[in-house]
Amino acid sequence: MVAISAQPYPYALPDRLSQLGLVIIDMQRDFLEPGGFGDALGNDVARLQAIVPTLKTLLTICRSLQMPIIHTLECHQPDLSDCPTAKLHRGKGALKIGDPGPMGRILIAGEPGNAIIPELAPYPDEIVIPKPGKGAFYHTSLGERLADRGITHLLITGVTTEVCVQTTMREANDRGYECLMVADCTESYFPAFKQATLEMVRAQGGIVGWTADSEAVMAGLTQLANI
Ligand code: TIU
């Protein structure tokens, strides 16, 4: 058995890397660039850029090991039919979901600002899950796609730590997936919220799962690949 050095205790890897998915949550221009949804909500979007090189390195290794890669995108249909009124009116920012902004309509599928940032753009064989909610299982085919491929373990990364990343990890945990949040591959607009999230998922003996830095994750992956 190969394990990743993690908190609150070692994370046992599955027998095969094909059972371990790298989940990259919402690394979209809408959250990382000025003029998008994150900016419209009043956040300093520059904070999130810091994880891009680290996440790119992890993605490159996972691709080289032919692991399943899952990207998610928070987005809504142009007619907003999948956006609850409660979500539409939340935030009270300068622009709301569907309004025209400098990168196209805010958080709308297919608009330039809704795309995944070029550095992390999905390859054609990778799973891309558009999602109308914060959690990646809500109103999506993610559960079926993971089951089809026999994926039982998830490495969870992306933005923002306490919103879509944590919601997805909790959804996955309730569905029986063994989840590890990669601490230096996730970021929040609020440093204290990121720290609190890391602590709360691994508290109580790993109530929601594990946390580890990407260096420890990559060491574990490489060890399993070489067996
Ligand atoms: N606002 C915020 O922190 N996050 C979101 O609205 N969506 C995601 O986390 N992707």
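In which loop is glutamine 66 found? Glutamine 66 lies in the loop between α4 (52-64) and β4. Its phi is positive, about 55°, although the residue is not a glycine. Helices (H or I, at least four residues) and strands (E, at least two) are DSSP runs, numbered from the N terminus.

The model is predicted: local features need pLDDT of at least 70, side-chain atom pairs count only at pLDDT 80 or more, and totals for chains, interfaces and linings use all residues. Residues are numbered from 1 along each chain as its sequence is written, and side-chain values use heavy atoms, with hydrogens and water left out.

Six strands form an open sheet in the order β7-β4-β3-β8-β9-β10, with parallel pairing. Pairing requires that DSSP finds at least two bridges between two strands. The edges are held by β7 (127-131) and β10 (210-212). Each has a single partner strand, so one side of each is left without a neighbour in the sheet. From one strand to the next, the twist averages 25°. Axes are lines fitted to C-alpha atoms, for helices over the stretch in contact, and angles run from 0 to 180 degrees between N-to-C directions.

Strands β3 (residues 20-25) and β8 (residues 153-159) pair in the parallel sense over six bridges. Leucine 20 has histidine 153 as its bridge partner in β8. Helix α7 (residues 161-174) packs on the sheet. This helix touches β3, β4 (69-74), β7, β8, β9 (178-187) and β10, where contact means heavy atoms within 4.5 Å. The direction of α7 makes about 170° with that of β9.

Two cis peptide bonds are described here. Most peptide bonds are trans. The bond from valine 159 to threonine 160 is cis, with omega near -15°. Threonine 160 sits in the loop between β8 and α7. The bond from glutamine 7 to proline 8 is also cis, with omega near 10°. Proline 8 belongs to the loop between β1 and β2.

Valine 159 and threonine 160 are also among the residues around the ligand, that is, with a heavy atom within 4 Å of it. Others include Asp26, Phe31, Glu74, Val163 and Tyr189. Polar contacts are pairs of N or O atoms within 3.5 Å; within protein, one must be able to donate a hydrogen and the other to accept it, and residues adjacent in sequence count only if both atoms are side-chain atoms. A side-chain N or O atom of aspartate 26 is 2.7 Å from a ligand nitrogen. Lysine 134 places a polar side-chain atom 2.9 Å from a ligand oxygen. A polar backbone atom of cysteine 164 is 3.1 Å from an oxygen atom of the ligand. The protein covers 93% of the 280 Å² of accessible area that the ligand has on its own (Shrake-Rupley method, 1.4 Å probe; for residues, only the protein chains shown count as cover).
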